[in-house]
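Then turn to the space left between them.

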Amino acid sequence: MGKGGSLSEGVIKNIIISYTYVAIWIFLSFTVIVYNKYILDKKMYDWPFPISLTMIHMSFCSTLAFLLIKVFKFVEPVSMSRDTYLRSVVPIGALYSLSLWLSNSAYIYLSVSFIQMLKALMPVAVYSIGVLFKKEGFKSETMMNMLSISFGVAIAAYGEARFDVWGVILQLGAVAFEATRLVMIQILLTSKGITLNPITSLYYVAPCCLAFLFIPWIVVEFPILRDTSSFHFDYLIFGTNSFCAFALNLAVFLLVGKTSALTMNVAGVVKDWLLIAFSWSVIKDTVTPINLFGYGIAFLGVAYYNHAKLQALKAKDAQKTAQQVDEETGRLLEEREGNEGGRKNEPED
């Protein structure tokens, strides 16, 4: 077989591998969301303790991340001083704990489909907080796009059959804290040259997150669990749920490494639509035409936002490549002039 045939086989193999990682990520993300809903919903498993569930996840993920980094050497640890950890990782851990606590709490009050619609506000929150902290430049065109996403989510909320004010407040709070966390990662870590993948992120952030969650857990959930004599820890349910949560982080690590962040965004859109369909067909949540119309508007806004970000990244990469070419050309010209000058100075026989 010729060289062209081998190349084609290689390309096909890479495509198959990439789509396999995408499918695994969608499946695990889908599973974790539905599993969390099953555990927390009072009409299903009926264990409405979101802080406890999040702490179980963090304990499990901390342990496995430690084993992968320190014992099996699957991932190299990041060199980090104590001062950097306290100033950079601890605030991110605090924000992450609040985001997880509130987002898991929302499953008690809202349907899976409506929560996915509210999550469409994430680009709006990230952009707004980025502008506030001067990490993003204010652009009228981008702000109009953010308003269109917000308008679409507002229509979806108007058409929601199981609208619960407290549930919406919890989910919007989770979006706000998660968006702040993402911006803080840029400010506190990326700007200092520290890059954490999902495994090293769990290794450093999960224990910190666990410590922050312990405070509200003692006050809010521990007294209730202590007085509930009928509760017995279900190792199968919580073990498999925690393993799925960790496997999802591992899948993110593999997906971003083999494809790109944009591929993950596109996969996220597919997952959201699948969850809405599953919520309607299997869980029997009510999804109204107004829901879908509003989410459709928000979806188009998010798709345009991702497209604009991709174009900006391409332009930045092209500029960087052109600069490298110019530098290399300049270096070669200098070497050539130096060689010619050396030959001129050589004595003649």
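H5 passes H7 in a right-handed crossing; a crossing is right-handed if the near helix is turned clockwise from the far one by less than a right angle, and left-handed if anticlockwise. Helices here are DSSP runs (H or I, at least four residues), numbered from the N terminus. The model is predicted, so local features need pLDDT of at least 70 and side-chain atom pairs pLDDT 80 or more, while totals for chains, interfaces and linings use all residues. Residues are numbered from 1 along each chain as its sequence is written, and side-chain values use heavy atoms, without hydrogens or water.

Two packed helices are described by the angle between their axes and the distance between the axes. The axes of H5 (residues 122-132) and H7 come within 9 Å and cross at roughly 50°. Axes are lines fitted to C-alpha atoms over the stretch in contact, and angles run from 0 to 180 degrees between N-to-C directions. H5 is therefore oblique to H7. The cut-offs: under 35 degrees is roughly parallel, over 145 roughly antiparallel, 65 to 115 roughly perpendicular, and the rest oblique.

In H5, Met 122, Ala 125, Val 126, Ile 129 and Gly 130 meet residues of H7 that include Val 175, Glu 178 and Leu 182. Contact means heavy atoms within 4.5 Å. This contact of H5 with H7 divides into nine nonpolar, two polar and one charged residue. Ala, Val, Leu, Ile, Met, Phe, Trp, Tyr, Cys and Pro count as nonpolar; Asp, Glu, Lys and Arg as charged; the others, Gly among them, as polar.

H7 also packs on H3. Their angle is about 160°, with the axes 8 Å apart. That makes H3 roughly antiparallel to H7. The crossing of H3 and H7 is left-handed. Their contact has 17 nonpolar, eight polar and three charged residues.

H3 (residues 82-109) has another partner in H2 (residues 50-71), at about 130° and with axes 8 Å apart. H2 and H3 are therefore oblique to each other. Their crossing is right-handed. Pro 50, Ile 51, Thr 54 and Met 58 of H2 make the contact with H3 residues, among them Tyr 96, Trp 101 and Ile 108. Seven of the contact residues are nonpolar, three polar and none charged.

A pocket is an open set of points on a 1 Å grid where a 1.4 Å probe fits, with protein on both sides within 12 Å along at least five of seven lines; lining residues have an atom within 4 Å of a point. Of its 15 lining residues, Pro 48, Pro 50, Ser 105, Ile 108 and Tyr 109 are the closest to the centre. H2, H3 and H7 (165-189) each give two or more residues to the lining. H3 gives the most, with five.
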